[in-house]
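Please read the following note with the model open beside it. The points may be taken one at a time.

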Amino acid sequence: MTDPTTRLAEFAPSPSHLRPPVLPPSDVSYVVEDTVIGRMLLARNDSGAMVASAFVPTAEDEEHVLTRLSERISPRVLRQPRDLDEARTELESFLAGRTRAFSLRTDLALASDFQRSVLPRLAATVGYGDRATYGELAARVDRPKAARAVGAALGANPLCVVLPCHRIVASNGALTGYAGGLAAKRYLLELEAGVK
């Protein structure tokens, strides 16, 4: 008579069948994080460059960003948190005040042509703890009369916090529109001023 444990072994799946499926690499990897300044979607392309750091307070906002990523970069967009470990760590460290800059590579694939002239100049000329006005930034991109256009470009910044549009204020110093809301903008400015 056959040993019953031997017969069960014949029908047991092999160890290779017990492993979880391995997903192929995606063209865009993303994760959604709850941060001290709000819920954010972080995304990177297949070369590792950040393409999005966007506030997504609702599922609808998240879907909007994912649709833009799919249309502008690739339809192969997958939630793959591990691919964003470096970005998550740097963002958390920045928001906790442990670091003052990001070392992440960025790709302005979601930006308009005008944003591609404004955002790099912003990052290069308005440092940690500094503030500038919309008019001053407009002058720095050789468009001195385009303060409103600069405001619109910053309002649709695809790389919030990483490219620091929170450092731009109204001509009278007042805090004005920010994708993450004025509380998030105030938090970031106070953090950089050493208040937090």
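1. A search of the whole structure finds 3 aromatic pairs; rings of Phe, Tyr and Trp (its six-membered ring) pair if their centres lie within 6.5 Å, and planes under 30 degrees apart count as stacked, over 60 as edge-to-face and the rest as tilted. The rings of F55 and Y178 have centres 5.6 Å apart and planes at 70°, so this pair is edge-to-face. Because F55 lies in strand β3 and Y178 in the loop between β6 and α8 (182–192), the pair ties together parts 123 residues apart in sequence. Ring pairs also link F94, F102 and Y128 into a cluster.

2. The model is predicted: local features need pLDDT of at least 70, side-chain atom pairs count only at pLDDT 80 or more, and totals for chains, interfaces and linings use all residues. Residues are numbered from 1 along each chain as its sequence is written, and side-chain values use heavy atoms, with hydrogens and water left out.

3. Are F55 and Y178 buried or exposed? F55 counts as buried at 11% relative accessibility, and Y178 is buried with a relative accessible area of 11%. Buried means under 20% relative accessible area, exposed over 50%, and partly exposed in between (1.4 Å probe, protein chains only).

4. Strand β3 belongs to an open sheet of 4 strands in the order β3-β2-β1-β4, with mixed pairing. Its edge strands, β3 (50–55) and β4 (77–79), each pair on one side only. Helices (H or I, at least four residues) and strands (E, at least two) are DSSP runs, numbered from the N terminus, and two strands pair if DSSP finds at least two bridges between them. Strands β1 (residues 28–35) and β2 (residues 38–45) run antiparallel and are joined by 8 bridges; V28 stands opposite N45 in β2.

5. How do helices α5 and α7 cross? The axes of α5 (residues 113–125) and α7 (residues 147–155) come within 10 Å and cross at roughly 85°. That makes α5 roughly perpendicular to α7 (angles under 35 degrees count as roughly parallel, over 145 as roughly antiparallel, 65 to 115 as roughly perpendicular and the rest as oblique). Axes are lines fitted to C-alpha atoms, for helices over the stretch in contact, and angles run from 0 to 180 degrees between N-to-C directions. F114, Q115, V118, L119 and L122 in α5 meet A149, V150, A153 and L154 in α7, where contact means heavy atoms within 4.5 Å.

6. A156 is placed in the loop between α7 and β6 (168–169). A156 is partly exposed, with a relative accessible area of 41%.
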